[in-house]
Amino acid sequence: MVTTLAAAAALAMSPQVAMAQDAAADVTAPLPPAASAPVIDSAPADAAATSDAVPAAGAYQPLGTDMIKGQPVERGMTFQNQYTDDGEFALWMHDAILLPVITVISLFVLGLLLWVVVRFNRRRNKVASKTTHNTFIEVVWTVIPVLILVVIAVPSITLLARQYETPPADAVTIKATGYQWYWGYTYPDNGGFEIVSNMLSNEDAIANGEPAMLAVDNRMVVPANTPIRLQTTAADVIHAFAVPSLWFKLDAVPGRLNERLLTIKEPGIYYGQCSELCGARHGYMPIAVEALPRAEWEAWVREQGGTVAGDPVEETAAPAAAAPAEAAPADTAPEAAVS
Ligand SMILES: [Cu+2]
């Protein structure tokens, strides 16, 4: 907790992050135990939150293991199945362009080598040719590689541009914070609560029917078919938020806020891992994303004590009015300190 506060203070001091003070404030406001507790026992503690959830949608049910979609497979040779448009495009580019091109080039070069070995060895070719230049063939072996590179460049640059697409204004903001060695997921648009996510032991994971080393106690619950403004940062050292089946990898750097659009096409569970060597337990901070239909995700948010933008006015009026009033001093303080 001391480190969290220190990290928050450091974030608040940094002018770069000052414009995202709400992000820094989030780190201080909902402390991990309070935020993670309701996930484990939803019944007694947050009766109030549950009663809020009832009128809008049914109570949150964690997805079962039959909904596991993004995970490594034994002896897998290619990418994981993709569940985003970018991922599908990238997979198409790999399968339809890169792999055929590299296969043809490799076979062509192999054929040339074999031809030279068989036809032009010293025994069959006693008098070596003195030919040094051939304009035609030199033009050909320059122009054809250029054309191949152009053909690859078009989808490649398209993919790059798609990955930099700006999230739309109505995107749901979720902030993933890397800690040594676990992840915290904050929902600034939904009241700013934070979910702390730790890896399950191998025994617990297998007992749950989940993959060992990838299952976590509290998943990052997100809406499916909804644009997500996924931001990454870190509290101590550089981490990286990476989920292969969602074609998503983004560094989480202390004092910086990186952001990328993520739209998951269907509900499911998608596993990933921290992908920046971040210390002794780097291999033990997996990511489990649980994408739910929008209504169920909103029910989950309310169960965490959060709010949803479309909440009926009489429900949100009081908390919404109270929240900024409480947050205002905290927000202005770092700003004053900076200026
Ligand atoms: Cu890490």
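Helices (H or I, at least four residues) and strands (E, at least two) are taken here as DSSP runs, numbered from the N terminus. The model is a predicted one, in which local features need pLDDT of at least 70 and side-chain atom pairs count only at pLDDT 80 or more, whereas totals for chains, interfaces and linings use all residues. Residues are numbered from 1 along each chain as its sequence is written.

Several loops between strands hold backbone features to inspect. Most residues other than glycine have a negative phi, and most peptide bonds are trans. In the loop between β2 (172–179) and β3 (182–186) sits tryptophan 181, and the peptide bond that leads from glutamine 180 into tryptophan 181 is cis, its omega being near 0°.

Asparagine 225, in the loop that runs between β5 (220–223) and β6 (228–234), has a positive phi, near 55°, although the residue is other than glycine. A residue is called buried if 20 or more other C-beta atoms lie within 10 Å of its own, exposed if 12 or fewer, and partly exposed in between, with C-beta atoms placed from the backbone. Asparagine 225 counts as exposed because it has 12 C-beta neighbours inside 10 Å.

Tryptophan 247, in the loop between β7 (239–243) and β8 (248–252), likewise has a positive phi, near 50°, but this residue is buried, because 23 other C-beta atoms lie within 10 Å.

Helix α9 (residues 294–303) is largely enclosed by the rest of the structure, because 7 of its 10 residues are buried; among them are Trp297, Trp300 and Arg302. Just after α9, glycine 305 adopts a positive phi of about 90°.
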